[in-house]
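Thanks, everyone. I have one structure to walk through today. Please take a look at it before I start.

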Amino acid sequence: MTIRVTHTHGEDIAVTAGGTEILRYVYRPDPDPFESRKPYAHPVRTLSGRTVTGYRPNDHRWHKGLQMTASHLSGQNFWGGNCYVHGQGYLPLPERVGSMRHDGFADFTVEDDRLAFTENLTWIENGGEEWAREVRGLTVHSVDEEAGSWALDWSIRLTNTRSAPLVFGSPTTAGREMAGYTGLQWRGPRDFTGGTVFAPDTDADAGKLMGTQGPWLAFTTEHDDVDGHSTLVFAHAPENLDGTSPIHESHWFVRSEPFPTVAFSWAFFEEFELPPGESFAYRYRLVVADGAWDRDRVGTHLEGLAW
């Protein structure tokens, strides 16, 4: 299926397939610094037009579709909103909330059924000091009308530009049990609440999958308003988990209730340091599909998508 790309310079990039806008990547600065200004993808939709991302929900205004985050980074919060402080809970500490500055695009390529671009960003702590340089890659591909699905690949390469190590953590590393969220995070709309979460080779549900590891995780729901289901599949690139990359181990952060969210957490249980001048890199995939896919269908579909 052919895609159409519309770039409103300084604002966003929109991708349309079959008359449906399936992705809008917003890189203009957010108005509220407390929500951690940074780019995000919203809305994300299935090919039939079902919206599968939430934006500024009333429980967490800083949750915005699909976005790269770092909840605990050397005392700063690149997630947005309240900061977790052990023994005191979540506190509004605006002086700790950092931002990610869009510095420009490179390697912007549009083909019939594929969009790929590289974005340069700078991570800036609340006082204005530049802490890290990020090279981000987004690719929309495998738009398959027959399968009712399409895929988004999201990569990050982050380099420490400080003279001191960058220390990555999460609320769990700070003392809150089983709340190890950080990294690439998805927030779903309210009709994903109570949806079904599953992974390969296990019958565990969302609660039991929290903090586990695995190559992929799927989330299905039945929508409000319209008769239909949607499925999202979150998948690691092979090098994320097979030990070939010298980076920290990842674990799933996943909730179906009280609100729907998934994160590829790179510091769930343990902190890790990135020395000055050093880099780390991850690659991820999100498959967006109409219908309630099961474990076999997800596995088969992923096997047919090359990295």
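This is a predicted model: local features need pLDDT of at least 70, side-chain atom pairs count only at pLDDT 80 or more; totals for chains, interfaces and linings use all residues.

Let's start inside. How many cavities of 30 Å³ or more does a search of the whole structure find? The search finds 1. The volume of the largest cavity is about 40 Å³. Its lining is made up of L66, L152, W154, L184, F234, F264, Y284, R285 and L286. Now apply the definition. The lining of the largest cavity has 8 nonpolar residues, no polar ones and 1 charged. By that definition Arg is charged, and R285 is in the lining.

Where do these residues come from? Strand 12, residues 149–160, and strand 21, residues 279–290, each give at least two residues to the lining of the largest cavity. Strand 21 gives the largest share, with 3 residues.

So let's stay with strand 21. Of its 12 residues, 9 are buried, so strand 21 is largely enclosed by the rest of the structure. Which way do its partners run? Strand 12 and strand 21 run antiparallel, joined by 11 bridges. Strand 17 and strand 21 are also antiparallel, with 7 bridges between them. Look at A289 in strand 21. A289 is the bridge partner of S149. T231 stands opposite A289 as well.

Next, helix 3. This helix covers residues 295–303, and its buried residues are V298, G299, H301 and L302. Why do I say that they line one face? Seen down the axis of helix 3, the buried residues fall within an arc of 165 degrees, so they line one face of the helix. An α-helix has 3.6 residues a turn, so residues three or four places apart point the same way.

What sits on the other face of helix 3? The face turned away from the buried side carries D296, T300 and E303, which are exposed. And what does the buried side meet? The buried residues of helix 3 pack against strand 12, strand 15 (196–198), strand 16 (216–222), strand 17 (229–236) and strand 21. Note two of those names. Strand 12 and strand 21 are among the strands packed against helix 3, and both supply the lining of the largest cavity.

On to the largest pocket. The space in the largest pocket is about 250 Å³. Its lining has 20 residues, and H60, W62, W79, Y90 and Y181 are those nearest the centre of the pocket. Strand 7 (83–85) and strand 18 (251–255) each provide at least two residues of that lining.

Now the backbone. Which peptide bonds are cis? P43 is in strand 4, residues 40–44. Another cis bond runs from E257 to P258, with omega near 0 degrees. P258 is in the loop between strand 18 and strand 19 (261–265).

Then positive phi. R56 is not a glycine, yet its phi is positive, about 50 degrees. R56 is in the loop between strand 4 and strand 5 (66–69). Its relative accessibility is 30%, and R56 counts as partly exposed. That class needs its limits: buried is under 20%, exposed is over 50%, and partly exposed is in between.

D201 is the next case. D201 has phi near 65 degrees, again a positive value in a residue other than glycine. D201 sits in the loop between strand 15 and helix 1 (206–209). Is D201 buried or exposed? D201 is exposed, with a relative accessible area of 80%.

An open sheet of 3 strands runs in the order 6-13-20, with antiparallel pairing. Its edge strands are strand 6 (72–73) and strand 20 (272–274), and each pairs on one side only. Strand 6 and strand 13, residues 166–169, run antiparallel and are joined by 2 bridges. In strand 13, G169 stands opposite H72.

That's my tour. Over to you.

Note on methods: Residues are numbered from 1 along each chain as its sequence is written. Side-chain values use heavy atoms; hydrogens and water are left out. On a 1 Å grid over the protein atoms alone, a cavity is a set of points where a 1.4 Å probe fits but cannot get out, and a pocket is an open set with protein on both sides within 12 Å along at least five of seven lines; lining residues have an atom within 4 Å of a point. Grid points are joined across faces, edges and corners, and a volume is the space filled by probe spheres set on the points. Helices (H or I, at least four residues) and strands (E, at least two) are DSSP runs, numbered from the N terminus. Buried means under 20% relative accessible area, exposed over 50%, partly exposed in between (1.4 Å probe, protein chains only). The arc is that of the directions from the helix axis to the C-beta atoms. Contact means heavy atoms within 4.5 Å. Two strands pair if DSSP finds at least two bridges between them.
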